[in-house]
Every structure is written in C-alpha cells, then in structure tokens.
Amino acid sequence: MTTTTDFLLAIEDLTVSFDGFKAVDSLTMYIDKNELRVVIGPNGAGKTTLLDLICGKTKSSSGSISFKNKEMTKMAEHEIVRAGIGRKFQTPSIYENLTVYQNLEVSYPEGRGVFGSLFFKTTDEVIKRVNEVAKEIQLDKFLDTEAAILSHGQKQWLEIGMLLMQDPELLMLDEPVAGMSAKERDETAELLNRICENRSVIVIEHDMEFVKKIARKVTVLHQGKILAEGPMDKVQADEKVIEVYLGH
Amino acid sequence: MNFVYERFLGGKSGAIAIGILALLILVVLPLALDLFRLNLVGKYLTYAFAAVSLVLLWGYGGILSLGQGIFFGLGGYAMAMFLKLEASDPESTSIQTTPGIPDFMDWNQLTELPWFWVPFESFTFTLLAILLVPSIFAFIIGYSMFKRRVGGVYFAIITQVIAVILTVLIVGQQGFTGGINGITDLKTLNGWDIREDSSKYILYFINAFLLLGVIMVSKFILTSKFGQLLLAMKDKEDRVRFSGYDVSNFKIFVFCVSAVIAAIGGAMFTLQVGFMSPSFVGIVPSIEMVIFAAVGGRMSLIGVVYGTLLVNAGKTAFSETFPELWLFLMGGLFIAVVMFFPNGLAGIYNKYGPKVKFLRPLFSKSEKAETTTESAKIEADATTEGAK
C-alpha cells in the first residue's frame with residue numbers, strides 16, 4: 001500500500017486507537033530530506049504518540065509509515081533505529097551512572113550485537129567521533145563527569161549527542177528545551193540549526209518563542225489530526241489554530 | 001599481554017584484588033586449615049560460583065534471579081548422574097533385582113536404565129551437559145521472558161516458581177532422580193577415588209582455579225562494551241533499545257552465561273561433597289545465593305567470594321551452637337545489608353579503604369575507563385589547541 005515517494009518520511013493514513021480512543025487519527029504527513037519540521041499542538045493532541053509510532057514504541061492500528069520508501073510499521077524498535085531514525089525522549093534519558101564519555105561511546109553505532117559488543121574495541125575513530133560530538137553539544141570539558149551530576153540542560157544536550165553519535169538521517173526531538181534557562185534555549189536553537197544541515201529533524205515543542213527561532217515549516221496537531229500546516233507566520237494567522245491553541 | 005591485564009584482570013586494582021584472593025584460597029587456607037575444614041571451604045567456594053553469576057546478572061544486568069539454584073542443581077545433577085552410573089557397576093550392585101542400575105532405581109522397581117540416563121555413561125557427554133543443559137534451559141526461560149519484556153519482580157517470581165517446580169519434579173520422580181535423598185554414594189571419577197584425602201586436595205585446587213578463571217572471564221565480559229550496555233540497560237532500558245540494540249538478546253546472553261557459571265559450581269559441589277540432592281536446587285538455596293552476593297557486594301566479582309565465605313562460615317559456626325536461630329539471623333543480615341550497605345563488603349572496602357594508610361596504594365587510578373577518558377581528554381585538548 002506504500003507509494004514510492006521522494007520524501008524521506010511518508011506517513012499515510014496513520015491511525016492508532018487505544019480502547020476506541022484515536023490518539024492519532026488518519027494522519028498524513030510528509031517530511032523532506034534535510035527538512036526541520038516543528039510539530040505543535042495542545043496537550044493530548046497526539047504529538048508524542050506520533051513520535052512513538054514512528055520509532056516503533058507504539059504499534060499503529062492502521063496506515064503506513066515509510067522511511068526512504070521502506071515500510072516501518074512492522075519493524076522492531078532497534079531495526080528502525082538502525083534504518084536511520086533517532087529519537088530523543090521528553091525527559092532526559094541518559095545513563096546516569098556512566099560518564100559523559102561512556103554515554104557517548106556506548107551510543108556509537110558499532111558492536112551492536114551481543115558478540116560484537118563483547119569484542120568491540122575503542123579505536124581512534126571512536127574517540128575522535130566522541131570528541132567531535134562532545135564539542136558540538138558543548139560537553140567536551142565534561143567527558144569524565146558522571147552524567148548524573150550534569151545540569152538539566154546539559155543532560156538534554158547529552159541525549160542529543162548520543163543520537164548524533166549514530167548520525168541518524170531523521171532525528172526526532174520531544175520538547176528539547178523544556179525546563180531550560182533562556183540562555184540554554186538560545187544555545188539549543190543554534191545547535192538544532194547546525195545539526196539539521198545534513199539530516200531531517202522533527203521537533204515537538206510548546207515554547208512559541210523557541211519555535212519561532214527554529215521553525216521553517218510547522219504542523220499543528222489537534223485531536224490526532226492535522227489542523228494546519230505551513231510556514232510559521234501563516235499558521236499563526238490561521239483562525240482555527242488561534243481558536244484551539246494559540247489564542248489561549 | 002596488556003590486553004589480558006586490562007580486560008581479564010581489570011587493570012592494577014583488579015589484578016591486586018584477584019592476586020590477594022588467589023593467595024588466600026590457593027596458599028593461606030590450604031596451609032592453615034585441616035582437610036575437613038578445607039573441604040568445607042571448597043564447598044563454600046562452589047556457592048561462590050553462583051554468587052559470581054549473580055554479579056553479572058543482578059549487579060550489572062539488574063535482573064534478579066531467585067532461581068540460580070536451578071542451574072547449580074542442573075550442573076550438580078549432571079555430574080552426579082555420571083558418578084552414580086560409575087558407582088553402579090554390575091558387581092557392586094549384584095544383590096539388586098536388576099544389577100547394573102543405580103540402587104534407588106532398583107528400590108523403585110525400575111528394571112532398565114531410563115533413556116536420559118544412558119548418555120551420562122560418557123564423561124565427555126557429562127562435561128558437555130554440565131555446560132549445555134543449563135545454558136539451553138536458561139535460553140528457553142530467557143527467550144520466553146525477555147522477548148516478551150517480562151522483567152523486574154515478575155522475572156524474579158517466575159525463576160522462583162521454576163525452582164519450586166524442578167524441586168517437586170525431582171522429589172516426585174524418585175525412580176529417576178533419587179527423590180528427596182538425592183543421588184548419593186558416589187565413589188569414583190573414571191576410576192579415580194574422589195573420597196580419598198589426596199583427591200579432596202586436588203578437587204579443592206581444581207575448584208579454586210576454576211573459580212579464578214570464571215572471575216576473569218566475567219571481568220572480561222564486564223570490561224567490554226557489553227558490560228557498559230548492561231549498566232546502561234539497568235538504568236534506561238528504553239534508551240538502549242532506541243539506540244539500536246536488541247535489549248532482549250543481551251539479557252538472554254547474560255542469563256545463559258550466569259546459568260553456566262552456577263552449573264560449574266554445582267558440578268564441583270557434587271565432586272567435593274560426594275552427593276547431590278534437591279535441597280540445593282529449590283527456593284532456600286537460591287535465595288541464599290542472592291544473600292551471598294548482596295553481602296559481598298553485588299557489583300564486585302571478588303567481593304561476592306568473600307561474602308560467600310563469610311556468610312557460610314557464620315552459618316556453620318552458628319548452626320553448630322544455635323541451629324534454630326540461624327535462619328532469622330540470615331534474614332536479618334540480608335535486610336541490614338540492603339538497608340545500610342547496598343554495595344556490601346566491597347562497597348565498605350571501596351568507601352573506607354582509601355582512608356586506611358596501608359591500603360591506599362591499592363586505590364591508585366588505573367581503571368580502564370579512566371585511562372581511555374584520560375587519553376580522550378588529552379586528544380580533545382590537543383584538538384582545541386590545534387583549532388586555536
């Protein structure tokens with residue numbers, strides 16, 4: 001049923017229902033290569049569920065998700081990741097009892113099998129990559145620090161860094177600036193603008209100031225459906241959007 | 001060489017710790033104790049295999065198995081079956097109705113050796129069975145649990161239930177298993193009398209070397225990326241899964257490895273103690289193994305050996321004087337350790353050790369992780385310098 005497209009990610013007629021409640025309802029959405037898409041919407045609109053569906057955490061009831069023209073809905077989570085989709089969780093999800101260095105090294109996309117990991121060797125290439133990423137997320141001075149004692153913002157960056165280690169073609173971020181200071185928000189916006197240069201990024205965000213800084217194209221979700229889609233200023237002017245979301 | 005040093009011994013502090021343990025169990029104890037006591041220590045050291053297996057599974061993997069007795073028992077029974085068949089040759093069993101089969105089978109009106117006993121006439125098969133039967137069994141349990149993402153307390157309960165089922169099965173099928181008495185009157189191993197004093201010494205040393213070997217293999221596993229992933233999974237399983245790892249495969253593997261380690265201990269138990277019975281399979285021994293690991297420190301491969309020795313020495317001493325109080329004491333000990341010393345003896349050593357002057361040299365920085373991050377930092381500094 002999947003049609004061949006030029007899009008990186010093609011979501012068609014996607015529905016998931018929890019005991020009759022449709023959290024995502026016949027949703028159709030396309031993401032281009034190298035596109036940065038922001039998804040906004042009121043609480044319960046189905047934003048996080050949408051990411052859960054794409055990365056395989058939740059299985060869809062019907063519809064299709066095709067990534068590089070390959071159907072994803074029947075694949076296991078780790079296979080979806082290996083296909084090139086990385087996902088950051090809403091609360092920072094890092095390994096607290098490992099150091100920043102170890103957090104990044106463990107995320108290096110080699111030695112992913114049981115025996116591969118037993119005989120995995122830290123080559124110069126791995127160390128180089130860890131250092132590059134650490135610098136990108138401004139944690140290069142904290143490589144030996146146990147991740148548990150990082151600030152909230154740094155934890156968020158570390159998780160983004162762990163995804164960058166895998167160099168995914170599609171990166172999905174769930175509220176990356178929640179709980180961050182104003183300065184951290186600005187730095188995160190810069191980081192996102194840098195990392196979306198050679199990959200597609202989907203960002204879920206509530207903070208409109210932040211959205212304005214990064215958004216080119218915005219999708220507004222409401223009750224599991226797309227309410228509006230387009231450039232930020234056009235969406236902000238949309239009557240329906242103002243009514244359900246922005247106006248409040 | 002350097003690879004062996006870093007990965008199998010765990011750097012300088014790891015090598016010193018293993019060296020001290022080796023000195024204790026290979027030199028000090030054999031010189032200091034009479035054969036009876038040394039044989040007891042040998043028995044305790046077989047439990048230490050189970051404790052080491054729990055460091056991998058529970059300490060690092062965060063998977064609590066309350067059924068390590070299953071695998072200890074499988075290994076022990078496999079060895080016992082071989083020894084029993086050797087002890088049941090037609091001459092020494094000529095007074096039986098059916099000579100040439102184990103005595104308990106004869107008492108239970110069996111007239112033929114059951115099919116699953118037949119291959120245990122071969123020593124090679126027995127050795128393979130000690131390693132393979134527990135790992136296949138663990139694979140089946142692990143596959144059906146971890147692929148369905150059963151974990152935590154549910155996994156613990158299921159392993160406990162399996163331990164009960166296995167005990168009931170062994171006790172109930174007297175004719176095939178020797179029932180509640182177990183498999184007794186074991187005499188020789190390929191003609192070598194295991195009851196003689198010299199054999200007891202040799203078995204003690206084989207056991208001690210095997211234990212050190214198992215600790216080093218475990219160290220290798222824990223210092224690899226696999227070890228880091230175990231810690232990562234214990235903390236944020238979903239993050240590992242969404243970093244492209246099939247989490248269940250890692251859990252199944254560590255469960256199988258832990259099963260094999262416990263089984264080696266069981267087989268050495270049978271050889272040193274001279275019998276195997278269901279009382280080493282069920283809930284109580286399985287929980288005792290968890291207590292050994294908890295007291296020693298579930299994150300420390302070496303610590304759990306001391307934990308096992310101490311708890312068992314305490315058990316022997318107390319049950320000679322206050323037999324009825326021992327179980328309460330052990331329960332109390334477990335609660336106290338969990339509440340006040342969650343990292344057990346090893347935790348106390350790591351916390352207070354550096355403060356004791358003569359122990360300080362043992363705590364120099366030499367961990368693998370630290371050296372790699374150290375070199376990474378130097379390189380990072382170098383690149384920043386270059387950028388300037």
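Trainee: Which exposed residues sit on the face of α7(A) turned away from its buried side?
Mentor: In this predicted model, that face carries Ala182(A), Lys183(A), Glu190(A) and Arg194(A).

Trainee: And which residues of α7(A) are buried?
Mentor: Thr188(A), Leu191(A) and Leu192(A) are buried in that helix. They lie on the same side of α7(A), because the arc they cover around the axis is only 100°.

Trainee: What covers them?
Mentor: The cover over the buried residues of α7(A) includes strand β8 (200-204) and helix α8 (208-214) of chain A.

Trainee: How many residues does α7 of chain A have, and what does it span?
Mentor: Helix α7(A) runs over residues 182-195, so to speak 14 residues, and reaches 20 Å from first C-alpha to last. That is close to the 20 Å expected at 1.5 Å a residue.

Trainee: Zooming out, how many helices and strands in chain A?
Mentor: Chain A has ten helices and ten strands. Of its 248 residues, 48% count as buried.

Trainee: What does the radius of gyration of chain A agree with?
Mentor: A compact globule of 248 residues would come out near 18 Å, and chain A has 18 Å, so the two agree. The C-alpha trace spans about 55 × 40 × 35 Å along its principal axes.

Trainee: Other topic: how many residues of chain B are in contact with chain A?
Mentor: 29 residues of chain B are in contact with 33 residues of chain A.

Trainee: Which element of chain B gives the most to that side?
Mentor: α17(B) does, with eight residues.

Trainee: And by class?
Mentor: The side of chain B that touches chain A has twelve nonpolar, eight polar and nine charged residues.

Technical notes
Residues are numbered from 1 along each chain as its sequence is written. Chains are lettered from A and ligands numbered from 1 in the order in which they are written. This is a predicted model: local features need pLDDT of at least 70, side-chain atom pairs count only at pLDDT 80 or more; totals for chains, interfaces and linings use all residues. Helices (H or I, at least four residues) and strands (E, at least two) are DSSP runs, numbered from the N terminus. The radius of gyration is taken over C-alpha atoms; the globule rule is 2.2 Å times the number of residues to the power 0.38. A residue is buried if 20 or more other C-beta atoms lie within 10 Å of its own, exposed if 12 or fewer, and partly exposed in between; C-beta atoms are placed from the backbone. Two residues are in contact if their C-beta atoms, placed from the backbone, lie within 7 Å. Ala, Val, Leu, Ile, Met, Phe, Trp, Tyr, Cys and Pro count as nonpolar, Asp, Glu, Lys and Arg as charged, and the others, Gly among them, as polar. The expected span of a helix is 1.5 Å times one less than its number of residues. The arc is that of the directions from the helix axis to the C-beta atoms.
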